[in-house]
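Colleague: I am new to this structure and would like to understand how its terms are applied. Could you show it to me and then take my questions in turn?

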Amino acid sequence: MIDPKYLRQSAAEVAANLARRGYPFDAEAYLALEERRKTLQIETEDLQSERNSSAKNIGKAKAEGEDIAPLLTAVKDMGDRLAECESALQEVQGQLRDIELDLPNLLDDSVPDGKDESDNAEVRVWGEPTELGFEPRDHIELGENLGMIDFEAASKISGSRFTVMSGPLARMQRALIQLMLDTHTEEHGYEEKYVPYLVQTDALIGTGNLPKFEEDLFRTATETPYYLIPTAEVPVTNLARDTIFEAGELPKHYVAHTPCFRSEAGSYGQDTRGMIRQHQFEKVELVHFVAAEESMAALETLTGHAEVILQKLELPYRVVALCSGDVGFGSAKTYDIEVWLPGQQKYREISSCSNYNDFQARRMKARRRNPETGKPELIHTLNGSGVAAGRALIAVMENYQNDDGSIRVPAALQPYMGGLKVIS
RNA sequence: GGAGAGAUGGCUGAGUGGUCGAAAGCGCUCCCCUGCUAAGGGAGUAAGGGCUAAUACCCCUUCGAGGGUUCGAAUCCCUCUCUCUCCGCCA
């Protein structure tokens with residue numbers, strides 16, 4: 001959520017910023033509604049104040065044994081007027097809130113302009129696209145030939161966009177997760193979290209997934225709905241909800257491994273083959289809670305932590321800064337890490353690292369006490385995949401494949417696989 | 001699933017219709033006192049919102065959540081949620 005105060009004071013600037021995303025913000029309509037809110041709120045609070053003082057007077061008169069009947073008739077119709085004002089105010093505030101919850105975050109100035117993915121700016125490249133010396137197979141062919149990926153079995157059980165993996169390949173995904181968790185906790189100082197995979201509405205409003213993106217989520221049919229998490233970001237970031245961190249408690253660095261569930265509505269026809277885009281996938285997620293002035297530096301740090309995983313796996317990748325048209329709803333700035341996939345001869349997203357600044361914090365009421373002023377202020381939240389395990393598995397398979405269809409186990413993973421060197 | 005108890009400020013805990021945003025204690029901050037320490041004395045110490053140039057006044061809201069009764073609700077009524085204890089069940 002954008003600061004409503006800033007919104008009403010600088011609606012034109014907000015509109016200009018959001019226009020970079022291609023988001024049309026009707027500043028005039030908003031300001032008109034805001035003007036109405038102001039009038040109603042002042043009127044309502046005046047009436048409340050009046051009610052409070054007359055109630056107090058009645059109490060006082062009664063205590064002194066005076067006749068309170070005339071006082072009661074004087075305030076008789078006030079209740080109705082107040083109720084009217086209150087409900088009108090509530091209505092307008094609800095409308096404003098609906099608009100505010102729908103607005104994406106303001107973009108950081110450093111975000112490059114652009115329309116879509118093709119305008120993203122390459123920031124750095126690590127390694128070189130793998131030269132195999134033979135015609136590369138993609139992970140589907142590799143997995144099926146090894147008999148360790150079974151899309152048919154998955155579809156029999158659950159339909160499309162699911163995978164069944166077997167034996168050493170299943171183990172390799174687990175090994176990747178272990179490597180990531182161990183690296184982030186032992187080398188990067190993160191605290192590991194185990195969190196719920198089902199969350200309620202408020203948590204998703206806090207991170208910005210609701211109310212706008214309900215169709216992306218799986219929801220249970222229970223009386224109070226639960227949602228399957230689309231990313232660990234949702235439960236982990238919500239750890240900060242309704243809290244005030246004391247001086248010295250920040251920054252917080254959390255890492256969590258969870259499965260992620262996405263309906264992939266609207267992505268029909270994209271990556272339909274293989275396990276690039278699944279309804280269910282495994283991911284290790286990094287989350288930072290920091291003071292406002294530290295978040296831009298934290299974004300660099302967090303991205304670097306994710307990169308270390310690919311470096312350990314010796315997988316070629318590049319980092320791109322998402323352009324204004326491609327940055328996600330709640331993010332002020334995002335780096336994507338893209339890993340080289342020989343099967344596609346392309347870099348593909350394997351991690352997305354974002355600075356949400358105070359966007360989620362405002363929705364969640366996540367604050368810190370500023371040691372200088374003693375006052376609570378909103379923290380900044382960041383998150384990034386460190387990294388997506390399913391896609392990391394694909395990357396290992398395709399980059400470490402041999403001509404005979406076997407797959408070498410990266411050195412960094414061998415300790416997690418009982419010393420296994422080749423999957424065949 | 002059954003039975004019972006409870007939810008108040010950073011914490012403990014009082015408060016059953018009126019000057020209660022809330023006693024008291026603890027904690028914390030500042031000041032005084034003491035050669036230092038300990039002890040002691042004094043003052044302060046919730047969050048959100050509105051108005052505003054203002055983090056100054058002033059005003060509003062909030063005692064688990066949502067409704068209701070009332071001129072007035074932490075206090076009375078209804079619904080819900082959560083926590084704890086005991087029993088049952090269970091990985």
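**Cores, helices, strands and salt bridges**

Modeller: The largest nonpolar core has 54 residues, and Met172 and Ile423 are those with the most contacts inside it. Helix H8 (residues 167-187) gives the largest share of this core, eight residues. This is a predicted model, in which local features need pLDDT of at least 70 and side-chain atom pairs count only at pLDDT 80 or more, while totals for chains, interfaces and linings use all residues. Residues are numbered from 1 along each chain as its sequence is written, and side-chain values use heavy atoms, with hydrogens and water left out.

Colleague: What makes a set of residues a nonpolar core?

Modeller: The term stands for a set of buried Ala, Val, Leu, Ile, Met, Phe, Trp, Tyr and Cys residues joined through side-chain atoms within 4.5 Å. In soluble globular proteins, nonpolar side chains tend to be buried together.

Colleague: Which residues does Ile423 touch?

Modeller: Contact means heavy atoms within 4.5 Å, and, not counting residues up to four places away in sequence, the residues that Ile423 touches include Leu146, Met148, Leu169, Met172 and Met417.

Colleague: How do you know on which side of H2 its buried residues lie?

Modeller: In helix H2 (residues 11-19), the buried residues are Ala11, Val14, Ala15, Asn17 and Leu18. They cover an arc of only 165° around the axis, which puts them on the same side of H2; the arc is that of the directions from the helix axis to the C-beta atoms. What covers them includes helix H1 (4-9) and helix H3 (27-63).

Colleague: What makes E1 and E10 a pair of strands?

Modeller: Two strands pair if DSSP finds at least two bridges between them. Strand E1 (residues 121-126) and E10 have five bridges in the antiparallel sense, and therefore they count as paired. E10 also pairs with strand E11 (residues 333-341), in the antiparallel sense and over five bridges. Arg318 in E10 is the bridge partner of Val125, and Glu338 in E11 is the bridge partner of Arg318.

Colleague: Why is the meeting of Arg273 and Asp138 called a salt bridge?

Modeller: A salt bridge is a side-chain nitrogen of Lys or Arg within 4 Å of a carboxyl oxygen of Asp or Glu. For Arg273 and Asp138 the N to O distance is 3.8 Å, and therefore the pair qualifies. Arg273 lies in the loop between strand E8 (252-261) and strand E9 (280-290), and Asp138 in the loop between E1 and helix H6 (139-146), so the pair ties together parts that are 135 residues apart in sequence. Arg273 counts as exposed at 56% relative accessibility, whereas Asp138, at 21%, counts as partly exposed.

Note on methods: Chains are lettered from A and ligands numbered from 1 in the order in which they are written. Buried means under 20% relative accessible area, exposed over 50%, partly exposed in between (1.4 Å probe, protein chains only). Helices (H or I, at least four residues) and strands (E, at least two) are DSSP runs, numbered from the N terminus.
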